[in-house]
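I'm opening my notebook on a new protein chain. These are my entries, in the order I looked things up.

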Amino acid sequence: MTNPLSYAVIRECQNPKCNLRFPDIYELDVSIKCPICGSSAFIRETIDLTKDFRDINDWKPLRKFTLILDNLRSVYNVGAIFRTAIGLGLNHVYLCGITPTPKHKNFTKTSLGAENFINWGKSLNCVEQCKLLKEIGYQLISIESTTESISLLNINKNDLGDDNKIAIIVGNEITGIDPKVLSLSDLVISIPITGKNKSYNVTTALGIALFHLSALSSI
């Protein structure tokens, strides 16, 4: 067996009634069976995972954003947020209240090791953490839909404070951000949504907001 991080393969089920096509990381393991019907699954393509096709030459995100996760429940959401954070060059995450930390046994299922490249801290009280950051000059930006929130599309660079001191806050998947934290926030931003759903998954919402705000900061 070779390094599973260096390449992957695409297999196809040999049962014509199934014909499942799926990725696999063990190229030399001929015993792999179709996970649907159990028939033999042969290699059809090989994918080199060492190649880097990222567009990084002209992308200059704001690397000093700080994240505050207020009582998130899902370790999978938190792990995915860590992966998004390092993708945009962020340098710190505060895990508040019941938010799981990278010490959780299931964290790496969605973080894929991102916790090794970003600083994080644990705080049991998000309100107190936000107060401390405000005292040292941080601008607090909450991502939440309220009657007074501003659409992300209406935010411009002038709305952002000191590039080095901006904290982005997201809240619990069910109850949202603590009302006291919202009252401490300098900006409360909502993300436009169409269709029947009332909200995005917290990881998706944060990814949209971070990309947009990072792009504004690089203008």
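This is a predicted model: local features need pLDDT of at least 70, side-chain atom pairs count only at pLDDT 80 or more; totals for chains, interfaces and linings use all residues.

Below are my notes, going from the whole chain to single residues.

**Entry 1: the whole chain**

I began with the inventory: the chain has five helices and 10 strands. Next I looked up burial, and of the 219 residues in the chain, 43% are buried. Then I checked the contacts with a separation of 6 or more, and 75% of them join residues 24 or more positions apart.

**Entry 2: two helices side by side**

I picked helix H1, residues 75-87, and helix H5, residues 202-217. How do their axes cross? Their axes come within 9 Å and cross at roughly 15 degrees. An angle under 35 degrees counts as roughly parallel, so H1 and H5 are roughly parallel to each other. I also wrote down the handedness: H1 passes H5 in a right-handed crossing.

Which residues meet there? On the H1 side I listed Asn77, Ala80, Ile81 and Thr84. Their partners in H5 are Val202, Thr203, Leu206, Gly207 and Leu210. Sorted by class, this contact of H1 with H5 has five nonpolar residues, four polar ones and no charged ones.

**Entry 3: the aromatic pair**

The rings of Phe82 and Phe107 have their centres 5.1 Å apart. Why is the pair called edge-to-face? The planes of the two rings stand at 90 degrees, and over 60 counts as edge-to-face, so that is the label the pair gets.

Then I asked where the two partners sit. Phe82 is in helix H1, while Phe107 is in the loop between strand S5 (92-96) and helix H2 (108-111). They are 25 residues apart, and the pair links distant parts of the chain. Are they buried or exposed? Phe82 is buried, with a relative accessible area of 0%, and Phe107 is buried with a value of 0% as well.

Pro192 lies in the loop between strand S10 (187-190) and H5. Its relative accessibility is 40%, so I put Pro192 down as partly exposed. What does Pro192 touch, leaving aside its neighbours within four places in sequence? My list reads Ser151, Leu152, Leu153 and Tyr200. For Ser151 I looked up one more thing: its C-alpha atom is 6.6 Å from that of Pro192, although the two are 41 residues apart along the chain.

Ser123 lies in strand S6, residues 119-123. With a relative accessible area of 11%, Ser123 falls under the 20% limit, so it is buried. Not counting residues up to four places away in sequence, Ser123 touches Leu95, Cys96, Gly97 and Gln129.

**Entry 4: positive phi angles**

A reminder to myself: most residues other than glycine have a negative phi.

Asn71 has a positive phi of about 60 degrees, and it is not a glycine. Asn71 lies in the loop between strand S4 (65-70) and H1. With a relative accessible area of 24%, Asn71 is partly exposed.

Leu112 also went on the page, with a positive phi near 50 degrees in a residue other than glycine. Where is Leu112 found? Leu112 is in the loop between H2 and S6. Leu112 is exposed, with a relative accessible area of 55%.

Technical notes:
Residues are numbered from 1 along each chain as its sequence is written. Side-chain values use heavy atoms; hydrogens and water are left out. Axes are lines fitted to C-alpha atoms, for helices over the stretch in contact, and angles run from 0 to 180 degrees between N-to-C directions. Helices (H or I, at least four residues) and strands (E, at least two) are DSSP runs, numbered from the N terminus. Angles under 35 degrees count as roughly parallel, over 145 as roughly antiparallel, 65 to 115 as roughly perpendicular and the rest as oblique. A crossing is left-handed if the near helix is turned anticlockwise from the far one by less than a right angle, and right-handed if clockwise. Contact means heavy atoms within 4.5 Å. Ala, Val, Leu, Ile, Met, Phe, Trp, Tyr, Cys and Pro count as nonpolar, Asp, Glu, Lys and Arg as charged, and the others, Gly among them, as polar. Rings of Phe, Tyr and Trp (its six-membered ring) pair if their centres lie within 6.5 Å; planes under 30 degrees apart count as stacked, over 60 as edge-to-face and the rest as tilted. Buried means under 20% relative accessible area, exposed over 50%, partly exposed in between (1.4 Å probe, protein chains only).
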